[in-house]
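Please open the model in your viewer and keep the sequence panel beside it. The tour below moves from one selection to the next and says what to look for at each stop.

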Amino acid sequence: MDYQPNDIEELKLQAARKKVVSVDPNAPKKKPVTIQMTDGVLIPRKDDGHILNSWRITFFSAILLLAGLVMFKPTPYRDIFLVTIKGTPVTFEATIFAILGALVIGTVTGLGSVSKRRWINMISGVYVELIRGIPLLVQLIFIYYAMGRFFKIEGMIAAVVALSICFGAYMGEIVRAGIQAIPKGQMEAAIALGLSRSQAFRYVILPQTVKVVLPAIGNEFISMLKDSSLVSTIALSDILRKGREYISRTFLSLETMLVVALIYLIITLLLSRLVGILEERLHENG
């Protein structure tokens, strides 16, 4: 059958009418699906009671592989292990001091982000955007080498300062989100009872915020420990630096980096388990 142009347009209009579906304006709208990612390791869940879950497989495989290499092939793996493990105290020292500094900076930044004063809010926002936009390695080199032209900075101090400043920005966002997660009625009730805004923050909001943000802070601690390997670029004798020094003497790069990777993996998996236990305890205690 031959159709005229007008007939074709009419058919299109009829097809379009058939596709129209009535929508209830009062129907709840579907929330968009969001995907949250983190650079931390997988934290074991309490409801995952299987013997062979992903955490156990990875953790015990890493231990068995490292132990097998050290025991059954002591040359060179035992020598590599004994050299690189000496850098563990430096790695933990830099990480622990840096996480304390990041907590202080993050708390101040988080409080500034929710401040009613515009200029304080602006300063906190600029700090977060500025620091998060600059790689940690660049900050380390800038503080140790560039600032070293004006005054001498020890390697450990430069590492702690750089890690504190970098992760303080991320910590500030965690604190801000934790404060905003507390219902506004808590603040209103505290003010109604006669507390000032600062007193309400100190005695009502912040104690509740601590429980909310502790698991996220644990994740940041694990991420900081991994990123602390960058301090080897400023001549700190951490795990990676010890491995690089061994490579410079023996040229066994594959074997050395395998041991270094296994040491970092075992440490981060242990910490992830501790963070998981802490999170479970917080949920149990409300």
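Begin by selecting Leu 163, which, leaving aside residues up to four places away in sequence, touches Ala 94, Ala 98, Leu 136, Gly 168, Met 224, Ser 228 and Val 231. Keep in mind throughout that this is a predicted model.

Now widen the selection to the largest nonpolar core, which has 53 residues, and in which Leu 163 is among the members that touch the most others, together with Leu 66, Leu 140, Phe 167, Met 224 and Val 231. If you colour this core by helix, H7 stands out as the element that gives the most to it, with eleven residues. As general background, nonpolar side chains in soluble globular proteins tend to be buried together.

Next, switch to a cartoon view of the protein chain, whose secondary structure comes to eleven helices and zero strands. Buried residues make up 36% of the 286 residues in this chain. Among contacts between residues at least 6 apart in sequence, 74% join residues at least 24 apart.

With the cartoon still on, select helix H5 (residues 118-132) and helix H7 (residues 155-181), whose axes come within 9 Å and cross at roughly 125°. The two helices are therefore oblique to each other, and H5 passes H7 in a left-handed crossing. To see the contact itself, show Tyr 127, Val 128, Ile 131 and Arg 132 on the H5 side, and Ser 164, Ile 165, Cys 166, Gly 168, Ala 169, Tyr 170 and Glu 173 on the H7 side. Sorted by class, the residues of this contact are seven nonpolar, two polar and two charged.

While H5 is selected, pick out Gly 125, which is found in this helix. Is Gly 125 buried, partly exposed or exposed? With a relative accessible area of 28%, Gly 125 is partly exposed.

Move on to helix H4 (residues 88-113) and helix H9 (residues 197-227), which pack at an angle of about 140° with their axes 11 Å apart. H4 and H9 are therefore oblique to each other, and here the crossing in which H4 passes H9 is right-handed. The H4 side of the contact is made by Thr 91, Phe 92, Thr 95, Ile 96, Ala 98, Ile 99, Ala 102, Leu 103 and Leu 111, while H9 brings Phe 201, Leu 206, Ile 217, Phe 221, Met 224 and Leu 225. By class, these residues divide into 13 nonpolar, two polar and no charged.

Select Thr 75 and Pro 76, which are joined by a cis peptide bond with omega of about 15°; Pro 76 lies in helix H3 (residues 74-84).

Finally, go to Phe 251, in the loop between helix H10 (239-250) and helix H11 (253-284). Phe 251 has a positive phi of about 65° although it is not a glycine, and at 67% relative accessibility it counts as exposed.

Terms used
Residues are numbered from 1 along each chain as its sequence is written. This is a predicted model: local features need pLDDT of at least 70, side-chain atom pairs count only at pLDDT 80 or more; totals for chains, interfaces and linings use all residues. Side-chain values use heavy atoms; hydrogens and water are left out. Axes are lines fitted to C-alpha atoms, for helices over the stretch in contact, and angles run from 0 to 180 degrees between N-to-C directions. Helices (H or I, at least four residues) and strands (E, at least two) are DSSP runs, numbered from the N terminus. Angles under 35 degrees count as roughly parallel, over 145 as roughly antiparallel, 65 to 115 as roughly perpendicular and the rest as oblique. A crossing is left-handed if the near helix is turned anticlockwise from the far one by less than a right angle, and right-handed if clockwise. Contact means heavy atoms within 4.5 Å. Ala, Val, Leu, Ile, Met, Phe, Trp, Tyr, Cys and Pro count as nonpolar, Asp, Glu, Lys and Arg as charged, and the others, Gly among them, as polar. Buried means under 20% relative accessible area, exposed over 50%, partly exposed in between (1.4 Å probe, protein chains only). A nonpolar core is a set of buried Ala, Val, Leu, Ile, Met, Phe, Trp, Tyr and Cys residues joined through side-chain atoms within 4.5 Å.
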